[in-house]
Amino acid sequence: MKFTLMSYHYLRYPIRKYLDKMERVGLDGIDIYCTGPQLNPFDYSLGALIQLNRDIRDRHLTPYVLTAENWLIWPHRIS
């Protein structure tokens, strides 16, 4: 069975701190919460996303889940 920790708990820190922690505790998978301020894919350039992918691979981590912040979960009034 595989386990991972969601990066949501590291929102106040740079994404690389989360990657370092996952490598240090010996987990091989990651669950990245894709929202600001940590990682909003729309705020990253293509080069920065490619570097992030390298950082993940260099630590021998595998992204299991990319969790997008979903604004549709909040109540809406549709008129």
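**Fold, nonpolar core and aromatic contacts of the predicted chain**

The protein chain exposes about 6100 Å², of which carbon and sulfur atoms supply 58%; accessible areas come from the Shrake-Rupley method with a 1.4 Å probe, and for residues only the protein chains shown count as cover. The model is predicted, so local features need pLDDT of at least 70 and side-chain atom pairs count only at pLDDT 80 or more, whereas totals for chains, interfaces and linings use all residues. Residues are numbered from 1 along each chain as its sequence is written, and side-chain values use heavy atoms, with hydrogens and water left out.

The protein chain contains two helices and two strands, arranged along the sequence in the pattern α-β-α-β. These elements are DSSP runs numbered from the N terminus, with helices (H or I) of at least four residues and strands (E) of at least two. Of the 79 residues in the protein chain, 27% are buried, where buried means under 20% relative accessible area, exposed over 50% and partly exposed in between (1.4 Å probe, protein chains only). Among contacts (heavy atoms within 4.5 Å) with a separation of 6 or more, 71% join residues 24 or more positions apart.

In soluble globular proteins, nonpolar side chains tend to be buried together. A nonpolar core is defined as a set of buried Ala, Val, Leu, Ile, Met, Phe, Trp, Tyr and Cys residues joined through side-chain atoms within 4.5 Å. The largest such core has 12 residues, including Tyr 10, Ile 15, Leu 19, Ile 32, Leu 39, Leu 52 and Leu 61. Two or more residues are given to this core by each of α1, β1 and α2 (46-58), and α1 gives the most, with four residues. Leu 52 touches Ile 15, Arg 16, Leu 19 and Leu 39, when residues up to four places away in sequence are not counted.

Three aromatic pairs were found. Rings of Phe, Tyr and Trp (its six-membered ring) pair if their centres lie within 6.5 Å, and planes under 30 degrees apart count as stacked, over 60 as edge-to-face and the rest as tilted. Tyr 8 and Tyr 33 form an edge-to-face pair, at 5.0 Å centre to centre and 85° between the planes. This pair links distant parts of the chain, 25 residues apart: Tyr 8 belongs to the segment before α1 (15-25), and Tyr 33 to strand β1 (residues 29-34). Tyr 8 is partly exposed, at 41% relative accessible area, whereas Tyr 33 counts as buried, at 13%. One aromatic cluster is formed by Tyr 10, Tyr 13 and Tyr 18.
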